[in-house]
Amino acid sequence: MVKENQKIELLHQKDLQGHKTFHLINCIINTIDLIGVFELNVHLILENCIINNLKIHSCWFVDGLLIKSCIIKNYVDYQMGGHNANPIVIEGNVFTGFFNFFDCQFENRIELKNNVFIKGTNLLGNKGEGFENSFIEGWVIENNVGNIDVNEVEV
């Protein structure tokens, strides 16, 4: 499924059901609400979008996630996430709020490339804490602006 050049008020799990891949291009999205969606079996691709509210707490992107060339305007709270059989790629985005990665277990690779984190992220932070993120297949971190190893949660 590909949707282009649309204004979307709400994207929810039910909108993704029945699709192997769901690709949004050049869209203005008010809210993506995937809170508590354990085992999302859709490869979600967000490309060149403006997203006002990205809500992904406890969402497992089993088939992968690509966020590319987007502007994300809110504090993103990604707790207990990961569990991805395919890579999670976050590339070329601007995050205006803090991006909280908390107690995520990444089973496949996560890539952060060419992003701007205005208020930072703790993807590589919280070292030695019980809620430190884990990376079974490792990570790729390249050319990001902003602190990516914050040792606390900032709002």
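**Notes on the model**

F135 is partly exposed, with a relative accessible area of 21%; here buried means under 20%, exposed over 50% and partly exposed in between, using a 1.4 Å probe and protein chains only. Before going on, a word on the basis: this is a predicted model, in which local features need pLDDT of at least 70 and side-chain atom pairs count only at pLDDT 80 or more, while totals for chains, interfaces and linings use all residues. Residues are numbered from 1 along each chain as its sequence is written, and side-chain values use heavy atoms, with hydrogens and water left out.

1. **The partner of F135.** F135 forms an aromatic pair with F106, and the pair is stacked, at 5.5 Å centre to centre with 10° between the planes. (Rings of Phe, Tyr and Trp, the last by its six-membered ring, pair if their centres lie within 6.5 Å; planes under 30 degrees apart are stacked, over 60 edge-to-face, and the rest tilted.) F106 is buried, at 0% relative accessibility. Because F106 lies in strand β13 (residues 105-106) and F135 in strand β16 (residues 134-135), the pair ties together parts that are 29 residues apart in sequence. Helices (H or I, at least four residues) and strands (E, at least two) are DSSP runs, numbered from the N terminus.

2. **Aromatic cluster.** The structure holds ten aromatic pairs. Ring pairs link F61, Y78, F95, F99, F101, F106, F117 and F135 into a cluster.

3. **Nonpolar core.** The largest nonpolar core has 39 residues, and those touching the most other members are L24, L34, I51, F61, Y78, F99 and F101. Such a core is a set of buried Ala, Val, Leu, Ile, Met, Phe, Trp, Tyr and Cys residues joined through side-chain atoms within 4.5 Å. In soluble globular proteins, nonpolar side chains tend to be buried together. Leaving aside residues up to four places away in sequence, Y78 touches I56, C59, F61, I88, F99, N100, F101, F102, C104 and F106; contact means heavy atoms within 4.5 Å.

4. **The sheet.** Six strands make an open sheet with parallel pairing, in the order β2-β4-β6-β8-β11-β15. The edges are β2 (7-12) and β15 (116-117); each has a single partner strand, so one side of each is left without a neighbour in the sheet. Two strands pair if DSSP finds at least two bridges between them. β2 runs parallel to β4 (residues 28-33), and five bridges join them. K7 has I28 in β4 as its bridge partner.

5. **Salt bridges.** How many salt bridges does a search of the whole structure find? There are two, each a side-chain nitrogen of Lys or Arg within 4 Å of a carboxyl oxygen of Asp or Glu. E111 meets R109 at 2.5 Å, N to O, and E111 meets K113 at 3.3 Å, N to O. Both E111 and K113 are buried. Salt bridges that share partners join R109, E111 and K113 into one network. The relative accessible area of E111 is 10%, whereas R109 is partly exposed at 30%.

6. **A buried asparagine.** N93 sits in the loop between β10 (88-91) and β11 (94-95), yet N93 is buried at 1% relative accessibility. The N93 side chain reaches the backbone oxygen of E91 at 3.2 Å. Not counting residues up to four places away in sequence, N93 touches I67, K68, S69, C70, I72, N114, N115 and V116.

7. Most residues other than glycine have a negative phi, and most peptide bonds are trans. D103 is in the loop between β12 (99-102) and β13 and is partly exposed at 27%. N114 lies in the loop between β14 (110-113) and β15, and N114 is partly exposed with a relative accessible area of 37%.

8. **An exposed glycine.** G18 belongs to the loop between α1 (13-16) and β3 (21-25). With a relative accessible area of 83%, G18 is exposed. G18 and V42 are 24 residues apart in sequence, and their C-alpha atoms are 8.4 Å apart in space.

Methods: A polar contact is a pair of N or O atoms within 3.5 Å; within protein, one must be able to donate a hydrogen and the other to accept it, and residues adjacent in sequence count only if both atoms are side-chain atoms.
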